[in-house]
Amino acid sequence: MLAKTAQRPAIAARGRGRASAVKVQAAWQKATTKTALTAAGGKLVAELGGQRVLIVDDGGSVYAVSNKCSHLGLPLQGKTALFTATIAQGCVVCPAHGTAFALDSGEVKGEWCPKFPQLPLVGKLGDKKPLPTFGCRVSEAGDVEVDV
């Protein structure tokens, strides 16, 4: 099952005064297994490429998103009940702010930080920002791999 894949863009490399295109290969890393993800209740956090990535199984489709809310950098899924993300309607919902992010694109769905008050001159303490997402796939052997 393939939930989401991403291709890395070509980049320009500089060398001796001239630019040339370099194709960057995808950096797929095994994050977990489908069995372990199911046993964890459909969401778990993996340390990949120096960052914490939230792996989510939503109705059989597997997604990978940053585990840091794009508002204040708080964890979406942590070790306490205070930081327990919910999954609803194809979105991961930040437990601290209530912002819903689309699992497939990271786009903000609905109100930005509905748990925060609208402050005069300041607003919701930060601009509306999407959540970083990563390519994610499940191999035939059941390994969940993330492109970081």
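## Basis of the model

A contact means heavy atoms within 4.5 Å. Among contacts in the chain with a separation of 6 or more, 45% join residues 24 or more positions apart.

This is a predicted model, in which local features need pLDDT of at least 70, side-chain atom pairs count only at pLDDT 80 or more, and totals for chains, interfaces and linings use all residues. Residues are numbered from 1 along each chain as its sequence is written, and side-chain values use heavy atoms, with hydrogens and water left out.

## Overall make-up

The chain has 13 strands and one helix. Helices (H or I, at least four residues) and strands (E, at least two) are DSSP runs, numbered from the N terminus. Reading from that end, the order is β-β-β-β-α-β-β-β-β-β-β-β-β-β.

The chain holds 148 residues, and 38% of them count as buried. Buried means under 20% relative accessible area, exposed means over 50%, and partly exposed lies in between (1.4 Å probe, protein chains only). The accessible surface comes to about 8,500 Å². Carbon and sulfur atoms supply 54% of that surface. Such areas come from the Shrake-Rupley method with a 1.4 Å probe; for residues, only the protein chains shown count as cover.

Strand E5 spans residues 43–48, and strand E6 spans residues 51–58. They pair in the antiparallel sense over six bridges. Two strands pair if DSSP finds at least two bridges between them. Val45 stands opposite Leu54 in E6.

E5 and E6 form a hairpin with two residues between them. Gly49 sits in the turn and has a positive phi of about 55°.

## The four-stranded sheet

An open sheet holds four strands in the order E8-E9-E10-E11, with antiparallel pairing. Its edge strands are E8 (86–88) and E11, each of which pairs on one side only.

E8 and E9 (residues 91–93) are joined in the antiparallel sense by three bridges. Ala88 has Cys91 in E9 as its bridge partner. In a regular strand, side chains alternate between the two faces of the sheet.

## Lys128 in its loop

Lys128 lies in the loop between strand E11 (108–109) and strand E12 (133–138). Lys128 is exposed, with a relative accessible area of 52%.

Leaving aside residues up to four places away in sequence, Lys128 touches Val108, Gly110 and Trp112. Thr99 is 29 residues from Lys128 in sequence. In space, the two are 9.6 Å apart, C-alpha to C-alpha.
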